[in-house]
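Me: I am new to this structure and would like to know what stands behind the words used for it. Please take the terms one at a time.

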Amino acid sequence: MTLKEIALKNMIRRKGKAAFILAGLIIGVTTVVAVISMVEAMTSDINAKLEKYGANILVVPKTENLSLTYGGLSLGGVSFEMEEIKEKDLEQISSIKYARNVAAVGPLVLGVINVNAHRVLLAGVDFEAAGILKPWWRINGTQPAENSVLLGAETARVMELDIGGTIEIKGRRLQVSGVLEPTGSQDDQLVFVRLATAQSLLDKPGRISMAEVAALCTACPIEEMVKQISQALPGAKVMAIQQVVKGRMETLSQFKKLSYGVSAVVVLIGSLVVLVTMMGSVRERTQEIGIFRAIGFRKKHVMWIVFIEAGIVSGLAGIIGYLLGFVGTKIALRFFTESQTIAVPLNLELAGGAFLLAVLVGLAASIYPALMAARLDPNVALRAL
Amino acid sequence: MSYIVAENLCKHYGNGNGVVAAISEISFQIKSGEFVGIMGESGAGKSTLLAIMGAMNAPTVGSLTVDEIDVYGLRPEQRADFRREFLGFVFQSFHLIPYLTVVENVMLPLTTVKAPRQDKQAKAREALSQVGLLDKSHRLPSQISGGEKERVAIARAIVNEPPILLADEPTGNLDTKTTGEVMQLLQGLNAGGTTIIMVTHSHECAGYARRILQVSDGKLVEKG
């Protein structure tokens, strides 16, 4: 006969009580696992979507001048005649440690041109990369070929041009193949051509003015990627677009706070269920504990019996709770999200955490009942006999 | 030399004007191997006296010495060890643990003793053999009769071979025939050297004791 056997046999005898504690803890653990899994899965999904939503790192030439533009309003003196980056240097980005996290690199060459008596900014872009970097672009018409241009909405309006029209840049006639729908950004006021066309028109062969990088930063800090790209491109200034990064981080942070808050409440309720049920169980067993004490059980032996019971039920609740939470998350995500691609992988860390959480909550909630049992005066119990 | 020495035992409950003396100024000595009966009417203080002798109820005044150990000079946890090593309890209502089998109930006092499982089982089987219940060792308490339950309770009380056995109305719930069997069992244990202190109402049972302590209104009125 061991204390463990006494605890086990008592649990088997009092199946209802054990089942109640088990159910309370399972609900708690399942909820915690489901909430955390769902938030993680949704966060991961949101993050993946956010990462596709434009560039979050800028690569610009190093300059000693301060920008004199704010909110799209030029205060004069801004020159684009600064030192450019060599287009070929951008290949170095593919050699950084986190290269697999680079979704797209969009080189951009900029220059001021005169079109129909208007001074306008010409932008040479890689339209393939632009598809990733600017997924919000909606083009009326088609992307420009070698001898055609894409106009920003405002440019088309001011110049009174539309698809099929032509413009002349430095003596070269280019057809308007498409017009961007308004984006609300600076893109509305640009004339876009292919990178090579712009380099040729601006007489900047093999050079670019800046590059936009879309980095997938779920598994890496953006600061680390900025550092690595800076090392790969020593002549360039690399910076994270803080608004994008911070926005993402805040979204994640709020999701996590919510999940931890909900989890804490559920765990608290679960621990109260254990506490109340264990106290009831101890009261029910006053005589039994009295006999244990009368025949020489020390206080610690009585406490051990309570803790063994709580530990076994809690551990079981941890395992069942994780599995139910895992399955529940898979089912719930089908109903709560439109995305069918959200993955919920078996998370061993979460499984271990759920097990430990259940056992810790079970044991912590059993401390008071165990002390209550241990402090039971054997004489009082004997009188109850 | 006396094995058990009770000196001036008093137990008061309550405080102020509401103080009730359960027992007052009780002193006696019991030699090793004695069979002592404690008799008295209901409320006379017999059970309080037994609880004090069972190291479970500290007297308000007085001392209890067993084998030269000042029982109430021990810390509570040391008293638990004392109960395990020196005392065996037989309760009127048996008080077996209902979810443990007969042999498991008997093994209970050995649970906290560091010894191989086989040794504990052998001791439990030996104790069951002494009370004639070896063949029912795997039954639950609900599957045996009242007399058998009492015998299991005796087996549990003697399994760790305590020098003293305290019995509180051990035959209170038994018929005449079974009472005789249980008392013979206690007598046999006493013959083997166990000191027995038994609280009883029954003159028939008291007849098995070699000495009677008569308690009335919390006082020892006669040392037989």
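Reply: A helix here is a DSSP run of H or I with at least four residues, numbered from the N terminus. The model is a predicted one. In chain B, helix α5 covers residues 146-158, and E148(B) has its place there.

Me: Why is E148(B) called buried?

Reply: Buried means under 20% relative accessible area. E148(B) has 11%, so E148(B) is buried.

Me: What is E148(B) in contact with, leaving aside its neighbours within four places in sequence?

Reply: Contact means heavy atoms within 4.5 Å. With those neighbours left aside, the contacts of E148(B) are L133(B) and K136(B).

Me: How do you know whether A157(B) counts as buried or exposed?

Reply: The cut-off for buried is under 20%. A157(B) has 3% relative accessibility and therefore counts as buried. A157(B) also has its place in helix α5 of chain B.

Me: Which residues does A157(B) touch, not counting those up to four places away in sequence?

Reply: A157(B) touches G88(B), F89(B), V90(B), P162(B) and L165(B) on that count. Another pair can be given by C-alpha distance: A157(B) and P109(B) are 7.9 Å apart in space and 48 residues apart in sequence.

Me: What makes a set of residues a nonpolar core, and how many residues has the largest?

Reply: The members must be buried, belong to the listed nonpolar types and be joined through side-chain atoms within 4.5 Å. The largest such set has 87 residues, and F297(A), I154(B), L165(B) and L186(B) have the most contacts inside it. Helix α9(A) gives the most to this core, with 12 residues.

Me: What is I154(B) in contact with, beyond its neighbours within four places in sequence?

Reply: I154(B) is in contact with V90(B), V131(B), V182(B), L185(B), L186(B) and L189(B). Another core lies apart from the largest one; this other core has 42 residues, among them M159(A), I208(A), A236(A) and V238(A).

Me: What makes a space in the model a cavity?

Reply: A cavity is a set of points where a 1.4 Å probe fits but cannot get out. The count of cavities of 30 Å³ or more comes to six. About 90 Å³ of space lies in the largest cavity.

Me: Which residues line the largest cavity?

Reply: A lining residue has an atom within 4 Å of a point. The lining of the largest cavity includes N10(A), M11(A), R14(A), K17(A), M278(A), E309(A) and V313(A). The elements that give two or more residues to this lining are α1 (3-13), α2 (15-52), α7 (242-284) and α9 (299-336) of chain A.

Me: How many residues of each class are in that lining?

Reply: The lining has six nonpolar, two polar and three charged residues. Arg, Lys and Glu count as charged, so R14(A), K17(A) and E309(A), which line the cavity, are charged residues.

Me: How many helices and strands has each chain?

Reply: Chain A has 11 helices and 14 strands, and chain B has seven helices and 10 strands.

Me: What part of each chain counts as buried?

Reply: By the cut-off of under 20%, 48% of the 385 residues of chain A count as buried. For chain B, 56% of the 224 residues do. The accessible surface of chain A comes to about 19,800 Å², with 60% belonging to carbon and sulfur atoms. Chain B has about 9,500 Å², with 46% belonging to carbon and sulfur atoms.

Methods: Residues are numbered from 1 along each chain as its sequence is written. Chains are lettered from A and ligands numbered from 1 in the order in which they are written. This is a predicted model: local features need pLDDT of at least 70, side-chain atom pairs count only at pLDDT 80 or more; totals for chains, interfaces and linings use all residues. Side-chain values use heavy atoms; hydrogens and water are left out. On a 1 Å grid over the protein atoms alone, a cavity is a set of points where a 1.4 Å probe fits but cannot get out, and a pocket is an open set with protein on both sides within 12 Å along at least five of seven lines; lining residues have an atom within 4 Å of a point. Grid points are joined across faces, edges and corners, and a volume is the space filled by probe spheres set on the points. Buried means under 20% relative accessible area, exposed over 50%, partly exposed in between (1.4 Å probe, protein chains only). Accessible areas come from the Shrake-Rupley method with a 1.4 Å probe; for residues, only the protein chains shown count as cover.
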